[in-house]
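Visitor: Here is a structure I would like to go through with you. Please set each value against its definition.

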Amino acid sequence: MSDEQTFIAIKPDGVQRGLIGPIISRFETRGYKLAAIKLISPSKEHLEKHYEDLSSKPFFPGLIKYMSSGPICAMVWEGRDAVKTGRALLGATNPLASAPGTIRGDYAIDIGRNICHGSDSIENAKKEIALWFKEGDIVEWKSAHHDWIYE
Ligand code: DAT
Ligand code: MG
């Protein structure tokens, strides 16, 4: 299926460092299609909900503080295997363990400043897209590249 969607966010450090363009380019040039995008400064409650599975972790307060430190570029990307391949494009959670050529492996060093987020399963992608976007924000369109990317 080429209509799988994933939630990708450029965290405050990625936005501040001028990496919105380069990160979007990785997804575009790979062949994925942008379905929604917005710059947003979410509430603490929204971020706590986004990371609710991690609420018992010792780094949770620091994570919420970091994620609240500036605007976030929230996106939905669509295409075949978008969730798994989206994670591969981002690289490992710890940038020092991320291979060069991945986003984190090229642009980040510290785990607490790893510049981007990507959904880790189709189920979580659905939850995250619903948390960050209203239904009407998701755009259905056919990219002019579609038939050159999929056979
Ligand atoms: P990912 O963002 O790769 O899905 P995750 O969901 O396990 O990783 O964690 C969410 C974020 O929390 C991660 O991007 C950075 C931060 N984080 C994870 N593990 C951490 C740790 N051991 N120390 C500090 N921050 C951590
Ligand atoms: Mg995660």
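Visitor: What makes the side chain of K11 a polar contact of ligand 1?

Guide: A polar contact is a pair of N or O atoms within 3.5 Å. An N or O atom in the K11 side chain is 3.0 Å from an oxygen atom of ligand 1, so the pair meets the definition. The model is predicted: local features need pLDDT of at least 70, side-chain atom pairs count only at pLDDT 80 or more, and totals for linings use all residues. Residues are numbered from 1 along each chain, ligands are numbered from 1 in the order written, and side-chain values use heavy atoms, without hydrogens and water.

Visitor: Which distance does N114 show?

Guide: A side-chain N or O atom of N114 is 2.8 Å from an oxygen atom of ligand 1. Taken alone, ligand 1 exposes 520 Å² (Shrake-Rupley method, 1.4 Å probe), and the protein buries 73% of that.

Visitor: Why is α2 called oblique to α5?

Guide: The axes, lines fitted to C-alpha atoms over the stretch in contact with angles from 0 to 180 degrees between N-to-C directions, come within 11 Å and cross at roughly 135 degrees. Under 35 degrees counts as roughly parallel, over 145 as roughly antiparallel, 65 to 115 as roughly perpendicular and the rest as oblique; therefore α2 is oblique to α5. Both are helices (DSSP runs of H or I, at least four residues).

Conventions:
Polar contact = N/O pair within 3.5 Å; in protein donor to acceptor, adjacent residues only side chain to side chain. Helix = DSSP H or I, 4+ residues; strand = E, 2+ residues; numbered from the N terminus.
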